Structures are given as C-alpha cells and as structure tokens.
Amino acid sequence: MTAPKFSVAFLALFGLLAAGPLRFPDPAVDPKPAAGSAQTAVLAGGCFWGVEAVFERLDGASNVVSGFAGGSKWTAHYEVVSMGTTGHAESVQITYDPAKISYGQLLKVFFAVAHDPTQLNRQGPDEGTQYRSAIFFATSEQKAVADAYIRQLTAAKVFARPIATKVVPLEGFYAAEEYHQHFLDRNPTHPYIVYNDLPKLEQLKKEFPELLKKK
C-alpha cells in the first residue's frame, strides 16, 4: 500500500512546510521592467489543470495556456508525453502585464500555492518526469530572478525539504489539446480537481487576495 499523496495546501495546514505562505517572502531580486508590451512566463508544476487555474485568477494575467515544454514539437501530444520519455513537462504559458504583476510575483505564487517544489519528478498522485518542477526562462533576467529566488527560499528554510525545481532555457512551448484548456473551470466536480486543485484556489484566495483579479 503506497503512502497517501497530499496537495501543497493540505501539507501547509499540517505544518509540513517549514514556513507557510503567511510568511512566504517576496523575491529580493525582482527588477521592474520598463513599460511596454505583455510578457510571458513558462512554468511546470505537475498536472497543468490546477496550475493553469491558479494563474488564470491573478490580476495582470491576460492569458494562460496549458501545454508542454522541454521536448520537441513532434512529441508535444498528451498521450505521447504521458509515456514519460519525450523530455516534455506539463507546463503553463502565462501572458501577463508587468505593470500589474511582476515575474517575481508569479514565481512567488508558483512556489507558495501552485505546486510542491520539493517533489522530484512527480507531483501529488502523478509520477514521471513529465510532472517535474521547472522554470523555463526566456531571458537572462528571468533566469537571474528564478535562480536568486530559489537561493533565497533555500537560505530562509521555507521548505522542510530541498527545492527540486530546475531552471532551464525555454526552447519551445507547445499548447496542449483543446480539451485540456480551462479544464478546472469546465470540470469543477472532477474528482482529481476536487482533491488536488480546488484546495490550491482556496489557499490562493486566503493568502494572496491582493493578487487576485477584481470581480
């Protein structure tokens, strides 16, 4: 019998994170970009259904797409990626307005709510490299912010276990099939969503209300 798998929100409730999101630090390195057009971030934190839903609710995030990164466009298909041999990770591409939310703030939500960054090649009930934790940087600035934040969280001992998140260059992002897009909003009673992802949204609303879109 395997040990039960729990969401980040569940672990936080029982103190299995060294420091809960109430004390989650802002990134010390998070330069404000010059005013300009929208920017994108690509993050991998396990099954993209819940990760997508978390970032869709942030003010300044204009579009969030579930997809794949880390492999070739020829293997960027869900059934193929699920075999765990393509190099792809289930990921989300976030288009955001840097005047409303910074790259560092996106990473704060990524580490605090969207997933458990201490799990290696898995996330909750899902196992395999396609469920790994990764930050795919598109610029040297994104890399600098991500590297510095991981060092900061490690030094502060925010998590009881080592951070497994890899910071790697983005070589391509490929959107997943249409039925994966906005999956949580379309299927809020799906058992996987109810157990693994709805707690993330509750935690997001509780801990970071100032980052949410205004209704």
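1. Salt bridges: the count. A salt bridge here is a side-chain nitrogen of Lys or Arg within 4 Å of a carboxyl oxygen of Asp or Glu. By that rule, this predicted model holds eight salt bridges.

2. Overall make-up. The protein has seven helices and eight strands. Of its 215 residues, 51% count as buried. Consider the contacts between residues at least 6 apart in sequence: 79% of these join residues at least 24 apart.

3. K108 and D26. The side chains of K108 and D26 form a salt bridge, with N to O at 2.6 Å. The pair links distant parts of the chain, 82 residues apart. K108 sits in helix α4 (residues 103-114), while D26 lies in the loop between α1 (8-13) and β1 (39-45). Is K108 buried or exposed? K108 has 9% relative accessibility, and the limit for buried is under 20%, so K108 counts as buried.

4. R161 and D116. R161 forms a salt bridge with D116, and the closest N and O atoms are 3.2 Å apart. This pair also links distant parts of the chain, 45 residues apart. R161 is in the loop between α5 (140-155) and β7 (166-169). D116 is in the loop between α4 and β4 (122-123). The two partners fall in separate accessibility classes. D116 is buried, at a relative accessible area of 2%, whereas R161 is partly exposed, at 46%.

5. R186 and E178. R186 pairs with E178 in a salt bridge, the closest N and O atoms being 2.6 Å apart. R186 is partly exposed, with a relative accessible area of 44%. E178 has a relative accessible area of 52%; the cut-off for exposed is over 50%, so E178 is exposed. As a general point, side chains of opposite charge can pair when their charged atoms come close.

6. Burial of α4. How many of the 12 residues of α4 are buried? The number is 11, so α4 is largely enclosed by the rest of the structure. The buried residues of α4 are Y103, G104, L106, L107, K108, V109, F110, F111, A112, V113 and A114. K108, the salt-bridge partner of D26, is one of them.

7. α2 against α4. The axes of helix α2 (residues 48-56) and α4 come within 11 Å and cross at roughly 130°. The crossing of α2 with α4 is right-handed. On the α2 side, V51, V54 and F55 make the contact; on the α4 side, L106, V109, F110, V113 and A114 do. By class, the residues of this contact are eight nonpolar, no polar and no charged. In general, an α-helix has 3.6 residues a turn, so residues three or four places apart point the same way.

8. α4 against α5. Helices α4 and α5 pack at an angle of about 45°, with their axes 10 Å apart. The range for roughly parallel is under 35 degrees, and roughly perpendicular runs from 65 to 115, so α4 and α5 are oblique to each other. Their crossing is right-handed. Which residues meet here? From α4 come Y103, G104, L107, K108 and F111; from α5 come Q142, V145, A146, Y149, I150 and L153. This contact has eight nonpolar, two polar and one charged residues.

9. A146. A146 lies in helix α5. At 0% relative accessibility, A146 counts as buried. Not counting residues up to four places away in sequence, A146 touches L107, I135 and V167. A146 and K108 are 38 residues apart in sequence, and their C-alpha atoms are 9.9 Å apart in space.

10. F48. F48 is placed in helix α2. Its relative accessibility is 1%, and F48 therefore counts as buried. Leaving aside neighbours within four places in sequence, what is F48 in contact with? The list is S66, G67, F68, Y78, E90, S91, V92, A176 and H180. F48 and Y131 are 83 residues apart in sequence, and 8.8 Å apart in space, C-alpha to C-alpha.

Terms used: Residues are numbered from 1 along each chain as its sequence is written. This is a predicted model: local features need pLDDT of at least 70, side-chain atom pairs count only at pLDDT 80 or more; totals for chains, interfaces and linings use all residues. Side-chain values use heavy atoms; hydrogens and water are left out. Helices (H or I, at least four residues) and strands (E, at least two) are DSSP runs, numbered from the N terminus. Buried means under 20% relative accessible area, exposed over 50%, partly exposed in between (1.4 Å probe, protein chains only). Axes are lines fitted to C-alpha atoms, for helices over the stretch in contact, and angles run from 0 to 180 degrees between N-to-C directions. A crossing is left-handed if the near helix is turned anticlockwise from the far one by less than a right angle, and right-handed if clockwise. Contact means heavy atoms within 4.5 Å. Ala, Val, Leu, Ile, Met, Phe, Trp, Tyr, Cys and Pro count as nonpolar, Asp, Glu, Lys and Arg as charged, and the others, Gly among them, as polar. Angles under 35 degrees count as roughly parallel, over 145 as roughly antiparallel, 65 to 115 as roughly perpendicular and the rest as oblique.
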